[in-house]
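Colleague: I am new to this one. Could you walk me through it, one question at a time?

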Amino acid sequence: MFKKILIFIFVLNGNSYAEFKLTNLINDLQSPWSITIVKKNTYLINEKSGNIKIFDRSDNTVKKINHNLKVLEHGQGGLLDIYYHEGKVYVSYSEERDNSMKSSTSVAVANFDEDKMNFKNIFQSQPPIRSGYHFGSRIVIKNDKLFVSSGERGGKQIGQEADKHPGSIIRINLDGSIPKDNPKFKGKNEWLPEIYQIGIRNVQGMCLSPFDNEVYMTNHGAKGGDWFGKVNYGGNYGWDKLYWGGTKYSGLKGGPKWLPGYDKPIKYYVPSIAISACQIYKGDEFKEWNGNALIAALKEQSLRKISFTKNNFKSEDIIFKDKIGRLRDLKITNGGKILILTDQGGLWELSKN
């Protein structure tokens, strides 16, 4: 397998320098969307068309795994996130419902198997919608609870309709049952029982911090207004009452950037960078980055590092830009190296030279 290595210089704090290395591990994936680490040197990769592939880094082999999912690749939909946890594999995907071209962001689970995985649905976003837009979707497991981002499917005001799943963060048990401490049962009587937070547009990055055990996410604005922020119990990020500093695609003014009573992101991006994956860094490879957020971008083709404390933004650096294409997903290896998946079909590893 052909490998390409890029060496580049990163400017630290404006006056010091560090040399980093980008190594191309795979270069022929087809619209990859997500990667998860099974064990050292073994990764699972989702391709948007519906393929699940296993990469064995010890011998550089890539093999397709058979499965029973019926994935609808439509617009921005397809096979989306993949998450390995204690012998099971969780995926989010766009699913056609009732042969109607109406679809949902759905979540399924299977026992891990290198030859074939038989998935079973544990969540389907309601209602199904005839749209190819904004499925989300990312998965995180925290304290044996599954967090799922369900995009608003282009429905805009649906993000404020808590009797519908699109435009929200979902929290369920690992078997798909509903936790008894979700907001529905703690005063949000009008909310669907699976909903944890509302007012979301299109979350394409979500991660669990190994430092404070909080879940963080990145969310697409419209024309501007991307942001990075925390997942909040019973919270509301305001879409589409708020436009987070962006405007409508028509150029007309949208809602305000923020209003009291709504959740406030840690960092806004205006103009949009087409924000995608995020991780809170912990590792030995870049010890000086511990506790910082790593943010990937599609349109801007950049990797950014954000320093923050609680919900307060402190500073940001661009690690690199315009080097390997549109950055779709990020994961941190046990040793602290950074795996980067690109829309161009590449799997890269960022390390110190």
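**A first walk through the model**

Modeller: Buried residues make up 58% of the 353 residues in the protein chain. Keep in mind that this is a predicted model.

Colleague: How many helices and how many strands does the protein chain have?

Modeller: Begin with the secondary structure. The count for the protein chain is 0 helices and 27 strands.

Colleague: Why does the protein chain count as compact as a globular protein of its length?

Modeller: Compare two values. The globule rule gives 20 Å for 353 residues. The protein chain is close to that, so it is as compact as a globular protein of that length, with a radius of gyration of 19 Å.

Colleague: What share of the contacts with a separation of 6 or more comes from residues 24 or more positions apart?

Modeller: Contact here means heavy atoms within 4.5 Å. Among contacts in the protein chain with a separation of 6 or more, residues 24 or more positions apart account for 55%.

Colleague: How far apart do the centres of the positive and negative side chains lie?

Modeller: The protein chain has 51 positive and 37 negative side chains.

Colleague: Which strands are the edges of the open sheet of 5 strands?

Modeller: The order is β12-β13-β14-β15-β19, and the pairing is mixed. An edge strand here pairs on one side only. That describes β12 (136-142) and β19 (235-236).

Colleague: Inside that sheet, which residue of β14 is the bridge partner of K145?

Modeller: Strand β13 covers residues 145-150, and β14 covers residues 168-173. The two run antiparallel, joined by 6 bridges. The partner of K145 in β14 is N173.

Colleague: Is strand β8 mostly covered or mostly open?

Modeller: Strand β8 runs over residues 88-97. Buried means under 20% relative accessible area. Of its 10 residues, 8 are buried, so β8 is mostly covered.

Colleague: Which residue in the turn between β7 and β8 has a positive phi?

Modeller: Strand β7 (residues 79-85) runs antiparallel to β8, with 5 bridges between them. Y83 has Y90 as its bridge partner in β8. The two strands form a hairpin with 2 residues between them. The turn residue with a positive phi, about 50 degrees, is E86.

Colleague: Does S131 count as buried or exposed?

Modeller: S131 lies in the loop between β11 (120-124) and β12. Leaving aside neighbours within four places in sequence, S131 is in contact with H74, S103 and R153. Its relative accessibility is 11%, under the 20% cut-off, so S131 counts as buried.

Colleague: Which residues does P265 touch, not counting those up to four places away in sequence?

Modeller: P265 is in the loop between β19 and β20 (267-269). At 4% relative accessibility, P265 counts as buried. K287 is 22 residues away in sequence from P265 and 26 Å away in space, C-alpha to C-alpha. The residues P265 touches are W227, F228, G229, Y237 and N311.

Terms used. Residues are numbered from 1 along each chain as its sequence is written. This is a predicted model: local features need pLDDT of at least 70, side-chain atom pairs count only at pLDDT 80 or more; totals for chains, interfaces and linings use all residues. Side-chain values use heavy atoms; hydrogens and water are left out. Two strands pair if DSSP finds at least two bridges between them. Helices (H or I, at least four residues) and strands (E, at least two) are DSSP runs, numbered from the N terminus. The radius of gyration is taken over C-alpha atoms; the globule rule is 2.2 Å times the number of residues to the power 0.38. Buried means under 20% relative accessible area, exposed over 50%, partly exposed in between (1.4 Å probe, protein chains only). Lys and Arg count as positive and Asp and Glu as negative; His and the chain ends are not counted. The place of a charge is taken as NZ of Lys, CZ of Arg, CG of Asp or CD of Glu.
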